[in-house]
Structures are given as C-alpha cells and as structure tokens.
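User: Please take me through this structure in questions and answers, with the terms defined as they come up.

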Amino acid sequence: MLKIDNLHVRVAGKEILKGLSLEVKAGEVHAIMGPNGAGKSTLGNVLAGREGYEVTQGSVVYEGRDLLELEPEERAAAGVFLAFQYPVEIPGVNNTYFLRTALNAQRRQRGEPELDSMQFLKLVREKLAVLHLKDELLHRAVNEGFSGGEKKRNEIFQLALLEPKLAILDETDSGLDIDALKMVADGVNAMRDPQRAFVVVTHYQRLLDYVVPDRVHVLAHGRIVRSGGPELARELERQGYAWLDAVGQQAGAGP
Amino acid sequence: MNAVTPDSGLHYVEDFTRNKASLPGRQQPWVVALREAAMRRFLAMGFPTRHDEDWKYTSVAPIERGRFLLSSGQPRAVDKPQVDAQALPGVHLLVFVDGHHVPTLSKVDALPAGVSIASLATLLERRRSGIETQFEAAASYPSAFAALNAACMTDGACVHLAKGVRLDAPIHLLFLSVTYGLAAHTRSLVFAEEDSHAVIVEHHAALGTPVYFTNTVTDIVLGRRAQIEHHKLQQESVRAFHIAAITADLAEQSRLISTSFALGAALARTDIVAKLNGEGAECSLDGLYVADSRQHIDHHTRIDHNVPRGTSRELYKGVLDDASRAVFNGKVIVHPDAQRSDAAQTNRNLLLSEHAEIDTKPQLEIWADDVKCCHAATVGQLDAGQIFYLRSRGLDEETARALLTYGFAAEMVQRIEHPELRQRLDGLLRGRLPQQLEAEVLS
Ligand SMILES: Nc1ncnc2c1ncn2[C@@H]1O[C@H](COP(=O)(O)OP(=O)(O)OP(=O)(O)O)[C@@H](O)[C@H]1O
Ligand SMILES: [Mg+2]
C-alpha cells in the first residue's frame with residue numbers, strides 16, 4: 001500500500017529525514033517510535049502533503065501512485081489521513097459542518113454521491129456510539145477550547161467518519177487519560193481491516209498493549225534505525241534510546 | 001499633480017439655500033434658526049481634509065466633488081416586495097427612501113403604552129416637539145458633517161421609551177437609497193428613560209448600485225438602568241459614500257450594546273461616541289468591517305469614562321481583500337474622576353491580499369489611577385497551519401480559505417442575541433466570501 005524509499009526531506013533549510021525507507025502493506029499496523037525531534041511528525045506531514053517540506057531525494061508510492069505529486073486534499077480523497085500531534089483550532093466553524101464538508105469534499109473527488117444532512121447525521125450517530133463519544137463536541141467550533149484529550153478524540157472521530165485507507169496517527173495517545181486511551185485504541189481496533197493500514201507514532205508501550213502492531217520501527221537521525229516485532233517496543237520501554245548514540249555516530253561518520 | 005483647492009463645500013451651501021424652503025419645519029422659527037446656525041457652522045468648518053488628525057487616512061474629497069443634491073421633494077416610488085426583502089421579520093419597520101419616511105412601506109405594529117416612534121419630519125413641523133433640547137445639546141457639532149446634517153436633515157426616526165417600558169420586537173429603521181446623485185441627511189433620536197429596554201437596527205441599503213451620499217446622525221440618550229441595543233448595518237451601494245455619527249449618553253447603570261457591521265459603500269466613515277456619564281454605566285462596542293475591491297471603510301470610536309465604575313468593552317474585526325483599505329481608531333479616555341473604570345479594547349484584522357491595507361490605532365488615555373484598562377490590535381493573514389489542517393481533511397484550498405475567513409469574522413455575528421438579525425448577518429457574511437458556504441457553518 002505504501003512504499004517509502006530513501007526519503008530525504010529538508011525543513012527550513014535543515015535536513016530532517018535522511019534516507020528513510022519503510023514499507024506498509026494493507027491490513028498492517030506499524031508503530032514508529034523514536035526520540036523527540038527525530039523526524040516522526042516530519043514524516044507524517046510529508047505524507048499528508050504539508051507545504052514547506054522539501055523532498056530532495058527518494059520516493060513515496062501509495063497504491064501504485066506517486067504520493068508526492070498529489071495536493072493534500074487529493075491525498076485525503078485517496079484515503080490518506082493524518083491524525084495531528086497538535087490538532088488545529090478553527091474558531092467560528094461548527095464541528096459538524098466541518099466534518100460534513102470534509103466528507104463530502106472527499107466523496108465528490110472520488111465521484112461518489114454527497115451525503116445530505118440527514119444521512120450525515122445518521123452516520124455521525126453510528127460513529128459516536130462506536131466511540132462512546134458525547135455529541136456535545138459536535139456543536140462547538142472545531143477543536144476550539146477543547147481540552148488536549150478532547151482534541152485527540154476528535155481526531156479519532158474524524159478517522160472513524162472519513163474511513164481512510166492509510167491512517168497515520170501522530171502521538172494520538174499522548175495526553176490521554178486511561179479511559180480515553182482505551183477509547184482511542186478501541187476505535188483503532190474497530191477499524192482494523194485487511195484493506196486498511198495504520199502507522200502509529202507513539203512514545204509509549206501503553207497504546208501498543210491495546211493496539212498490537214505488526215511491526216515496530218525506531219526512527220532516529222532521520223532514518224529507520226531498527227525494526228522488529230511488538231517485543232521491540234517493550235525493549236525500548238526498558239532501555240530508552242541511549243544506545244542510539246552509537247548509531248548516530250555511525251550515521252554521522254558515514255558517507 | 002493638479003492641486004485641488006477645496007471649495008469647502010460651497011456647492012452644499014448653495015444647494016441648501018436653493019432648497020431650504022421645502023425642508024421640513026420651514027414654518028417653525030426654532031427649526032429655521034437651527035438650520036441656519038448649523039449651516040454657518042458647516043461653512044466655518046469646511047469639509048475635513050487629510051491635514052485633520054481625525055481624517056488623516058480618509059479623504060472625503062470625492063464627496064465634495066460629487067456635488068450631491070438635497071432630496072427635498074417626494075421620494076421616488078419603490079416596489080414594496082423589494083423593501084420587504086430587506087425587512088427583518090417580526091420588527092417594527094420604518095422605511096425611509098432617499099431620506100424621507102414612507103409610511104406606506106413601513107409597518108409599525110401596536111406599540112406598548114409608553115413607546116412612541118415618530119418621524120423626525122413630523123416633529124420638526126411642530127411648534128414644540130420636545131426634541132429641541134437635544135439639538136441644543138448637539139449644537140457644538142463635532143464635525144462638519146454633523147453640522148451639514150443638522151442644516152439639511154430631511155427625516156429620521158424619533159423613538160421615545162417611557163420609564164420602565166420594554167419593547168420586545170426590534171425597531172428596524174431601513175434607510176434605502178434609490179436615486180443617483182442625491183444626498184440623504186437623516187437624523188434619528190432615541191430617548192430611553194429609566195429602566196426602559198429596546199433593540200434598534202439602523203440599516204442602510206440601496207436598490208441597485210446608484211452613486212449617492214448618505215450623511216446620517218443618531219443620538220441615543222439612556223436614562224438610569226436603561227438598556228439599548230443599537231445595531232448598525234451598512235450595506236450601501238458599492239459606489240456610494242456613507243458618513244455616519246452615533247453618540248450615546250449613558251446615565252447611571254445604563255447599558256448600551258452597539259454594533260457596526262460595515263459591508264458596503266465605496267467610502268464609509270462611522271464615528272461612534274459613547275459617554276459614560278453615570279456611575280456603573282456599561283457599554284459594549286462591537287464591529288465588523290468586510291471590504292474588497294477598492295472599498296474604504298473607516299471607524300472612529302471614542303468612549304469617555306467620565307465618572308467612576310464604568311465598564312466598556314470593544315471588539316472590532318476587519319476582513320480586507322483586494323486593494324481595500326480600512327481605518328480603525330478607537331479612543332478610550334478615562335477622565336480624572338473615573339476611578340475604578342474597567343475598559344478593554346481589541347481590534348483584529350485579517351488581510352486576504354497583499355494590496356489590502358489597515359491603519360489601526362487603539363488609543364488609551366488614562367487620567368485616573370485606580371483603573372483596569374487594556375487594549376490590543378492585530379493584523380494578520382490566514383494561518384498556513386489551519387489551511388493545511390482543512391486541506392488534509394479533503395477541503396480544497398479555496399474552500400479552506402473561505403471557511404477560515406468566515407470563522408474569523410463569525411464571532412461578531414455570534415455575539416448578536418436577536419436570532420433573526422443574527423441569521424441575516426450570517427447570510428450577508430457568507431455572501432461576502434469568495435466561495436458560498438452553507439447556512440449551518442456557524443458554531
Ligand atoms: N518548520 C520547521 N522549522 C524548523 N525546524 C523544524 C520545523 N519542523 C520541524 N523542525 C525540526 O525538525 C526536527 C524534527 O521534528 P519532528 O517534529 O518531526 O520531530 P518528532 O520526531 O515528531 O518529535 P516529537 O517526538 O517531539 O514529536 C526537529 O529538530 C524540529 O525542530
Ligand atoms: Mg512529533
């Protein structure tokens with residue numbers, strides 16, 4: 001589904017990703033871990049198409065297409081979804097309206113019929129029930145005045161509603177209380193599907209206890225420096241990232 | 001460069017002289033004297049120029065050059081359905097066409113005892129009308145336009161609320177301009193006695209896109225604990241000139257809610273002055289200006305905290321596109337006796353084009369020591385992070401921009417309590433976006 005090959009990315013003149021390669025197949029869940037500032041969010045932003053991220057080398061192929069060629073909204077319509085590490089507040093714009101506009105914009109781009117208010121509301125009710133969410137958040141402006149946890153839940157709600165094929169969750173578990181974490185995990189698990197893949201960026205084993213990944217990767221110094229099964233996450237939880245210094249020196253000294 | 005010597009509005013003096021015999025109140029000595037004195041005052045002041053500090057960023061030369069004519073006769077007939085389309089539902093409606101009240105287009109329902117709504121023209125025809133004192137108070141005419149207005153006023157609304165009355169349905173004053181080349185000098189007065197309440201919508205609009213000049217004045221007097229909402233909706237023709245002045249005198253514990261929505265006109269200038277003259281008085285001044293093409297929209301507000309324990313809140317927002325220009329000048333003056341005043345003022349501007357321009361100047365003058373005052377002004381563009389967030393959810397860039405622009409301005413609409421007015425304003429705001437958004441967008 002997604003094949004990233006030797007990706008180099010510069011942000012504000014600084015090289016952040018330095019030859020990152022990663023392959024994700026439909027139906028899989030990949031966890032990406034790594035120290036602060038390693039480039040995890042950079043990867044998510046590049047995949048979602050944020051401006052200001054300059055790809056200097058490498059390629060990203062998504063479902064046989066060059067993903068980097070597409071505008072952000074085209075990627076969304078093609079099924080790429082990024083749950084933001086820091087969801088953005090949109091004052092004055094009703095959350096329900098925003099969600100319906102987003103869903104219909106995607107459906108329109110895919111040549112599918114748009115949903116009217118009634119159909120949309122029905123869909124919203126279904127998804128709310130699955131996620132055990134209060135509908136109070138729907139009547140407020142997008143993320144405005146939402147607590148950190150509420151913003152993250154709203155991201156998962158969008159995920160459930162938009163039903164992407166490739167979901168990148170950037171630290172959706174950070175700042176969540178135990179119940180909310182469980183809710184997010186249940187939401188993700190409910191959406192696991194042979195046709196859908198997840199890339200889950202996290203700092204904590206906790207989430208991976210609920211959402212068991214197929215693969216765990218360590219992103220450091222702009223590359224995937226180690227990959228393994230679920231046990232790698234537990235190992236990192238015990239050991240931290242001190243061992244990376246050696247890798248870093250190697251990478252720094254390399255050609 | 002051709003040096004233009006201002007003719008100090010000589011045309012307007014001549015036009016007045018030609019037409020004064022047909023202005024309302026021509027047989028009432030007090031009216032005649034008032035008009036003549038005001039005209040002398042206008043002549044002495046002349047139209048303001050860019051050398052006047054208060055008019056530094058706004059040139060009224062086009063109004064001078066425009067040589068607009070007093071409309072002293074009968075207004076042109078107007079299609080009722082066109083008027084009805086502008087009227088808000090469930091209001092007491094007073095319609096003025098080119099500066100003249102048209103009873104057949106108006107609709108004032110049964111008013112509660114103690115409320116009177118009259119046209120200024122009828123009061124000017126009376127020997128004693130009770131409004132003379134208000135004109136005496138205003139005789140110092142803060143600007144040449146106010147003086148010109150007093151000299152030439154043709155009509156307006158006079159609202160009187162007796163002690164304790166509460167008018168639930170808003171009063172909708174609809175000033176329609178329909179004729180090319182005319183000047184409409186309208187003047188409205190609101191007297192709200194102790195404990196009275198009312199909502200007044202002052203609405204300026206046009207049929208078609210004629211070139212004309214609106215010069216309007218509204219005086220509001222609030223008695224103790226009176227509450228007045230005054231919503232000004234400026235939707236003039238995009239080729240029109242609009243000059244407006246609003247003054248409010250607030251007695252003890254009275255409360256004024258003033259909003260100014262400025263969407264139309266080629267050139268618009270609104271001056272709002274609120275005087276907190278009684279202890280514990282409260283005023284809130286809100287405004288939204290939306291301009292594009294080469295529109296020029298200027299707001300000057302002034303709040304005088306004259307006595308202790310007054311509260312003032314002010315929030316003005318502006319959205320400027322193309323080569324439009326806006327001016328915001330907000331003075332808050334806390335006078336020496338006004339201890340424990342509480343004042344906050346904010347002006348926020350969104351520039352959608354690199355050619356748009358804003359001159360914003362919040363001014364706090366504090367002469368008392370025990371006060372709580374703050375002010376802020378910002379000028380910004382749409383946020384790239386917000387645009388990306390919306391696009392990452394599937395919205396195209398244009399929709400994302402329209403939605404964010406709406407979101408920025410919608411706060412001013414949301415603050416309107418009256419549902420029908422809020423809906424109307426929401427629709428107008430959505431209509432001004434580069435892309436049409438549906439009605440449910442307001443959070
Ligand atoms: N717009 C930018 N301008 C300058 N530097 C940037 C910008 N965006 C990211 N960076 C830098 O790129 C590096 C990687 O940032 P990124 O946000 O991808 O890290 P991360 O792995 O997600 O970290 P965290 O775990 O703290 O979220 C950091 O050093 C960051 O400061
Ligand atoms: Mg990050």
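User: How far from an oxygen atom of ligand 1 does a polar side-chain atom of A:N36 lie?
Analyst: This is a predicted model, in which local features need pLDDT of at least 70 and side-chain atom pairs count only at pLDDT 80 or more, while totals for chains, interfaces and linings use all residues. Side-chain values use heavy atoms, with hydrogens and water left out, residues are numbered from 1 along each chain as its sequence is written, and chains are lettered from A and ligands numbered from 1 in the order in which they are written. For A:N36, the separation between a polar side-chain atom and an oxygen atom of ligand 1 is 3.0 Å.

User: Which residue has a polar side-chain atom 2.6 Å from an oxygen atom of ligand 1?
Analyst: A polar side-chain atom of A:Q85 is placed 3.0 Å from an oxygen atom of ligand 1. The residue with a polar side-chain atom at 2.6 Å from a ligand oxygen is A:T42.

User: What share of the area that ligand 1 exposes when taken alone does the protein bury?
Analyst: Accessible areas come from the Shrake-Rupley method with a 1.4 Å probe. On its own, ligand 1 exposes 640 Å². Of this area, the protein buries 64%.

User: Which element gives the most residues to the shell around ligand 1?
Analyst: The shell has 15 residues, the closest being A:G37, A:K40, A:S41, A:T42 and A:H203, where a residue is near if one of its heavy atoms lies within 4 Å. By class, five are nonpolar, seven polar and three charged. With three residues, the element that gives the most is α1(A).

User: How many residues of chain A are in contact with chain B?
Analyst: Contact means heavy atoms within 4.5 Å. On the chain B side 26 residues take part, and on the chain A side the number is 39.

User: Which three residues supply 34% of the area that chain B buries against chain A?
Analyst: Buried area is the accessible area (1.4 Å probe) that two parts lose on being put together, summed over both. Between chain B and chain A it is about 2400 Å², with carbon and sulfur atoms giving 60%. The three residues that supply 34% of what chain B buries, more than any other three, are B:F388, B:Y389 and B:R393.

User: Which residue of chain B meets A:E51 in a salt bridge?
Analyst: A salt bridge is a side-chain nitrogen of Lys or Arg within 4 Å of a carboxyl oxygen of Asp or Glu, and four are counted between chain B and chain A. In one with an N to O distance of 3.9 Å, the partner of A:E51 is B:R391.

How values were computed:
Polar contact = N/O pair within 3.5 Å; in protein donor to acceptor, adjacent residues only side chain to side chain. Helix = DSSP H or I, 4+ residues; strand = E, 2+ residues; numbered from the N terminus. Nonpolar A, V, L, I, M, F, W, Y, C, P; charged D, E, K, R; others polar.
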